[in-house]
Amino acid sequence: MAIGKLNKLPQTAVLKQILKRCSSIGKKQAYDDQGLPVDVPKGHFAVYVGDNRTRYIVPISFLSRPEFQTLLQQAEEEFGFSHDMGITIPCEEEVFEALTSTLR
């Protein structure tokens, strides 16, 4: 799903769609009744970053930030959003950590 298409939906619908796509599908994880991982606090979601696909838990508030939206656009272009792994961010972990530390 393109970011442009997401922008036409109400914000709550967009957040629900992104959260469902961001959820890790690992078989050993526990899930709540909505199918979301229980280790992800309310108001956060998981992304995977770098060559090792390190999992990071980030606040939903990042979705409204232009810097993070740029990362999501790059993720969509490189990997798409229709896969079982969740959203994979195409950048080095150090760059991701530096960026997210400025967004908090």
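Begin with helix 4, whose buried residues pack against strand 1 (44–49), strand 2 (54–59), helix 3 (66–78) and strand 3 (87–89). Helices (H or I, at least four residues) and strands (E, at least two) are DSSP runs, numbered from the N terminus. Buried means under 20% relative accessible area, exposed over 50%, and partly exposed in between, with a 1.4 Å probe and protein chains only. A contact means heavy atoms within 4.5 Å.

The model is predicted, so to speak of local features a pLDDT of at least 70 is needed, side-chain atom pairs count only at pLDDT 80 or more, and totals for chains, interfaces and linings use all residues. Residues are numbered from 1 along each chain as its sequence is written, and side-chain values use heavy atoms, with hydrogens and water left out.

**The whole chain**

Colour the model by pLDDT, the predictor's confidence in each residue, from 0 to 100. The average for the protein is 77, and 62% of the residues score at least 70. Select residues 24–28: here the pLDDT is below 50, and the stretch has nine contacts in the model beyond near neighbours in sequence. Where pLDDT is low, the predicted coordinates should not be read in detail.

Now switch to a cartoon view. The protein has four helices and three strands, and from the N terminus on they run α-α-β-β-α-β-α. Of its 104 residues, 36% count as buried. Among contacts between residues at least 6 apart in sequence, 47% join residues at least 24 apart.

**Helix 4**

Select residues 93–103, which make up helix 4; its buried residues are Phe96, Leu99, Thr100 and Leu103. Looking down the helix axis, you find these buried residues within an arc of 95°, so they line one face of the helix. The arc is that of the directions from the helix axis to the C-beta atoms. An α-helix has 3.6 residues a turn, so residues three or four places apart point the same way. Turn to the other side of helix 4 to find Glu94 and Thr102, which are exposed.

**Helix 3 against helix 4**

Helix 3 and helix 4 pack at an angle of about 145°, and their axes are 10 Å apart. Axes are lines fitted to C-alpha atoms, for helices over the stretch in contact, and angles run from 0 to 180 degrees between N-to-C directions. Helix 3 brings Glu67, Phe68 and Leu71 to the contact, and helix 4 brings Phe96, Leu99 and Leu103. These residues divide into five nonpolar, no polar and one charged. Ala, Val, Leu, Ile, Met, Phe, Trp, Tyr, Cys and Pro count as nonpolar, Asp, Glu, Lys and Arg as charged, and the others, Gly among them, as polar.

**The aromatic rings**

Show the side chains of Phe45, Tyr56, Phe62, Phe68 and Phe96, which form one aromatic cluster. Rings of Phe, Tyr and Trp (its six-membered ring) pair if their centres lie within 6.5 Å; planes under 30 degrees apart count as stacked, over 60 as edge-to-face and the rest as tilted. By this rule there are four aromatic pairs. In one of them, the rings of phenylalanine 45 and phenylalanine 68 have centres 6.0 Å apart and planes at 80°, so the pair is edge-to-face. Phenylalanine 45 lies in strand 1 and phenylalanine 68 in helix 3, so the pair ties together parts that are 23 residues apart in sequence. Phenylalanine 45 and phenylalanine 68 are both buried.

Next, pick tyrosine 56 and phenylalanine 96: the ring centres are 5.0 Å apart and the planes stand at 55°, so this pair is tilted. Tyrosine 56 belongs to strand 2 and phenylalanine 96 to helix 4, so the pair links parts 40 residues apart in sequence. Tyrosine 56 is buried, as is phenylalanine 96.

Select valine 40, in the loop between helix 2 (11–22) and strand 1. Valine 40 is buried, at a relative accessible area of 15%. Leaving out residues up to four places away in sequence, valine 40 touches Phe45, Arg55 and Ile57.

Tyrosine 48 is found in strand 1 and counts as buried at 4% relative accessibility. Its C-alpha atom and that of proline 90, 42 residues apart along the chain, are separated by 8.7 Å.

Arginine 53 sits in the loop between strand 1 and strand 2. Arginine 53 is partly exposed, with a relative accessible area of 33%, and has a positive phi of about 55° although it is not a glycine.

End at arginine 65, in the loop between strand 2 and helix 3. Arginine 65 counts as partly exposed at 29% relative accessibility. From arginine 65 to leucine 103 is 38 residues in sequence and 7.9 Å in space, C-alpha to C-alpha.
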